[in-house]
Amino acid sequence: MRRRKMGALPQLSESRSSFQPSKDHGPVIEEIQGLIKVCKDGHVERLPAVVDVPCTWAPEPDVASKDVAVGHGGLWARLYVPRVQTQKLPLLVYFHGGGFCVGSAAWRCYHEFLARVASQAPCVVLSVNYRLAPEHRLPAAYEDGLAAVRWVRQQMSHRAADEPGWWLAHCDFARVFLGGDSAGAAIAYNVAAQLGSFGVPESALLKPACLKGMVLIQPFFGGVARTSSEKNLVQSSRSALSLTTSDCYWRLALPPGADRDHPWCNPLAKGSPKLEDLRLPPALVCISELDVLRDRNMEFCKAMRSAGKSVEQATYAGVGHAFQVLHNYHMSHARTTEMLTHIRAFIYSR
């Protein structure tokens, strides 16, 4: 395997027939090169594609960071709070990407990106470290997302300046946003959909806080029928997501036997809740021009508008999937700056 730069993922490819058997766990039946191997007996090996960093590492000197336990089930999150504030700040509950199978709130690339979001938006960011598939298939990640929102609501009653509620005094809970990239964007959407379902008690879960919007960056949705970009957009060696990689993630993340038109994968499928019936907040959808998900993201935006939902759509030229965290395209830094500007404008217009 080629040596790679720290913080960048290797080219992701997937095959199901040419793997060497594992000495202790039998043959490898699924693999995304450089990221994850799944053996026949269910053993999962995740490779150190991106280095973990502690919350004390400060890429943005004006942002304080701390890891916090979220409830009692092992769920945790990393908080980012700007040190200098003249007013209370919006809260962005964020979910990292990784096809539901890899990734961490401690990955260096997410630590850097979210510290920058907190600094430049500015806002308080709660980056949730949810359970991963295939050990915890969907809806586990969606359940963890909802649990994180429930935890935020519970913490509001503390309002303490010391541990563990030191960060609460910095938040304007009248401006809460859900966000994420790739699989994390799918989590943010599904949590918002649960909160906005008619007749579901969870719809009052955030009160007295107010969910003002969703920041969906390259949302990882799928479907049995291929879109044009999935069929025709050739991925370069810099790409973080190919079609075969996407399919592998979904095989590992969905319940056994489910196809990609399952509601947890395809929000526009026949069996999914109708968008018209959901109380969804306004959305900012960030789309990458060279992403295989481009057309599926655009179809999602079109369907949201047809259902009467408020959608802002931003497309970033010359870059592909996860450019804002992996910096794997020539234009990544410039486009990331554009994205941060769009996120700031979206949050502060609500």
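Let's start with arginine 116, found in helix H1, which spans residues 108-120; helices (H or I, at least four residues) and strands (E, at least two) are DSSP runs, numbered from the N terminus. This is a predicted model, in which local features need pLDDT of at least 70 and side-chain atom pairs count only at pLDDT 80 or more, while totals for chains, interfaces and linings use all residues. Residues are numbered from 1 along each chain as its sequence is written, and side-chain values use heavy atoms, with hydrogens and water left out.

Arginine 116 is buried but has no salt bridge, and the nearest side chain of opposite charge, glutamate 60, is 5.1 Å away. Buried means under 20% relative accessible area, exposed over 50%, and partly exposed in between (1.4 Å probe, protein chains only). For charge, Lys and Arg count as positive and Asp and Glu as negative, while His and the chain ends are not counted. A salt bridge needs a side-chain nitrogen of Lys or Arg within 4 Å of a carboxyl oxygen of Asp or Glu.

## An enclosed helix

Next comes helix H5 (residues 243-253), where 8 of the 11 residues are buried, so the helix is largely enclosed by the rest of the structure. Among the buried residues are Asp247, Tyr249 and Trp250. The cover over the buried residues of H5 includes strand S1 (28-32) and strand S2 (36-39).

## Salt bridges

The count of salt bridges comes to 14. In one of them, glutamate 135 meets arginine 46 at 2.7 Å, N to O. Glutamate 135 sits in the loop between strand S7 (124-129) and helix H2 (140-155), and arginine 46 in strand S3 (residues 44-46), so this pair ties together parts 89 residues apart in sequence. Glutamate 135 is partly exposed, at 41% relative accessibility, and arginine 46 is also partly exposed, at 31%.

Aspartate 144 and arginine 131 form another salt bridge, with their closest N and O atoms 3.0 Å apart. Aspartate 144 belongs to helix H2 and arginine 131 to the loop between S7 and H2, so they link parts 13 residues apart in sequence. Aspartate 144 is buried at 7% relative accessible area, whereas arginine 131 is partly exposed at 33%. Arg131, Glu143 and Asp144 are linked in a network of salt bridges.

## A pair within helix H8

Arginine 335 forms a salt bridge with glutamate 338, the closest N and O atoms lying 2.7 Å apart. The two are 3 residues apart in helix H8 (residues 332-348), separated by about one helical turn.

Key. Contact means heavy atoms within 4.5 Å.
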